[in-house]
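Look at the model below and keep it open while reading. The report takes up a few parts of it in turn.

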Amino acid sequence: MNLSIGIVGLPNVGKSTLFNALLKKSIADVANYPFCTIEPNVGIVEVPDARLPVLAKIVNTEKIVPAVVEFYDIAGLVKGASTGEGLGNKFLSHIREVAAIVHVVRIFEDSNVIHVANKIDPVNDIQVIETELILADLETLSKQREPKNTPSKADLFFYEVVKKLKTALNNGVPARNVALDADEKTAATQLHLITMKPQFFAFNVSEEMLIKSDEIKETIKKILDQCKLNRSRIESGMTTQVQDDKAHYLYLCNKLENEIVAFSPEEQTEYLQQYGLEETGLNRLIQKAYETLGLISFLTAGEKEVRAWTIEKGMLGPQAAGTIHTDFEKHYIKADIVPYATFVEVGGWIKAREQGKVQIVGKDYEMKDGDVVEFKVGV
């Protein structure tokens with residue numbers, strides 16, 4: 001499955017700096033997949049996975065194919081974007097194409113980088129973007145007309161969902177926070193609402209701030225608490241399910257990330273240790289995207305290639321096989337499964353079979369992150 005992330009935020013908060021760092025990462029990484037920039041604002045970046053080179057060594061192949069993420073650099077949104085202010089309509093349409101949103105929020109001070117509002121106010125910045133996305137969704141909902149004549153039960157149900165969402169959005173509640181049952185969520189997917197998409201924050205800090213991690217975390221906590229307080233006032237009396245924003249954020253210095261991407265992995269590690277960091281912000285960003293979307297990777301390892309495949313957590317064997325080829329789901333018979341750690345411990349498929357470490361599973365098997373798999377299909 002294609003994982004696509006839209007980078008949003010106000011102008012001059014560091015979105016393009018982050019995007020450029022991600023593109024440089026793609027060029028710097030050595031991987032057997034075609035890097036491309038689909039458009040000036042779209043790039044493909046590999047998902048970091050230290051397991052792949054280990055597997056490649058075991059099965060004696062040089063071809064490694066990582067999972068990839070598409071990043072969309074959405075041009076800076078401003079107040080009024082939902083009504084076409086700036087290039088709002090064009091870029092809001094880009095956001096509708098992505099699976100999740102990373103909202104870049106500036107919390108660093110720098111007189112050389114002008115803020116669109118001439119002051120650093122993260123809470124207000126977050127609310128401006130959220131308001132514009134809500135207004136864009138209300139525009140979408142306004143185009144849904146009440147069914148006339150003798151509508152079907154499905155049409156009536158769909159319109160009830162539209163009304164429920166419209167009421168919430170008019171009260172400033174993003175669609176992702178509206179309590180919907182499974183059938184309502186299915187109906188709502190037809191609307192492609194922006195605020196229904198999972199979201200996490202990337203707080204852009206200075207290099208000086210990175211050294212003071214406890215202070216950063218406390219600052220971010222205060223920002224998110226204030227946003228939550230403001231949202232609670234809005235949502236008072238409404239049936240909502242509030243996303244825990246504290247679980248959906250990371251902080252990084254976009255400027256630093258842009259500078260160190262050309263370093264060797266060893267140099268990056270040494271440099272980051274000065275700031276008490278174990279890995280780059282770019283890697284943490286991609287991992288946070290996986291976590292936010294509830295994604296995992298299963299692995300295939302053979303003489304031709306070693307590859308990571310992205311699937312949703314909870315997916316069963318046949319559906320996972322379908323990510324390799326659609327016919328595999330239809331003709332799925334069974335799968336041979338070895339957990340990654342076991343595969344490495346025994347040294348590959350042959351030893352795993354000799355030692356009885358291979359689990360043969362049917363159509364009801366729920367895939368786990370790091371499963372090394374051989375699918376058996378009737379084609």
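## Two asparagines in loops

In this predicted model, Asn-12 is found in the loop between strand E1 (3-8) and helix H1 (15-28). The phi angle of Asn-12 is near 60°, a positive value in a residue other than glycine. Asn-12 has a relative accessible area of 44%, so it counts as partly exposed, because that class lies between buried, under 20%, and exposed, over 50%.

Asn-60 also has a phi near 60°, again a positive value in a residue other than glycine. The loop that holds Asn-60 runs between helix H2 (51-59) and strand E4 (64-65). Is Asn-60 buried or exposed? With 68% relative accessibility, Asn-60 counts as exposed.

## The protein as a whole

The protein contains 15 helices and 13 strands. Of its 379 residues, 50% count as buried.

Among contacts between residues at least 6 apart, 70% join residues at least 24 apart.

Helix H12 covers residues 317-324. Which residues of helix H12 are buried? They are Gly-317, Pro-318, Ala-320, Ala-321 and Gly-322.

These buried residues of H12 pack against several elements. The strands among them are E9 (295-301), E10 (306-312), E11 (332-339) and E13 (371-377). Helix H13 (326-330) is another element that the buried residues of H12 pack against.

Thr-140 lies in helix H4, which spans residues 122-142. The relative accessible area of Thr-140 is 15%, so Thr-140 is buried. What does Thr-140 touch, not counting residues up to four places away in sequence? The residues are Arg-96, Leu-191 and Leu-193.

## Cysteines and Glu-208

How many disulfides does the structure hold? The number is 0.

Glu-208 has its place in helix H7 (residues 207-210). Glu-208 is exposed, because its relative accessible area is 56%. Along the chain, Glu-208 and Cys-253 are 45 residues apart, and their C-alpha atoms are separated by 9.5 Å.

Rolling a probe the size of a water molecule over the atoms shows where empty space is left. The second largest pocket has a volume of about 360 Å³. This pocket is lined by 15 residues, and the closest to its centre are Lys-185, Thr-189, Met-196, Lys-197 and Pro-198.

What classes of residue make up the lining of the second largest pocket? The lining has 8 nonpolar, 3 polar and 4 charged residues.

Notes
Residues are numbered from 1 along each chain as its sequence is written. This is a predicted model: local features need pLDDT of at least 70, side-chain atom pairs count only at pLDDT 80 or more; totals for chains, interfaces and linings use all residues. Side-chain values use heavy atoms; hydrogens and water are left out. A disulfide is a pair of cysteine sulfur atoms within 2.5 Å. On a 1 Å grid over the protein atoms alone, a cavity is a set of points where a 1.4 Å probe fits but cannot get out, and a pocket is an open set with protein on both sides within 12 Å along at least five of seven lines; lining residues have an atom within 4 Å of a point. Grid points are joined across faces, edges and corners, and a volume is the space filled by probe spheres set on the points. Ala, Val, Leu, Ile, Met, Phe, Trp, Tyr, Cys and Pro count as nonpolar, Asp, Glu, Lys and Arg as charged, and the others, Gly among them, as polar. Helices (H or I, at least four residues) and strands (E, at least two) are DSSP runs, numbered from the N terminus. Buried means under 20% relative accessible area, exposed over 50%, partly exposed in between (1.4 Å probe, protein chains only). Contact means heavy atoms within 4.5 Å.
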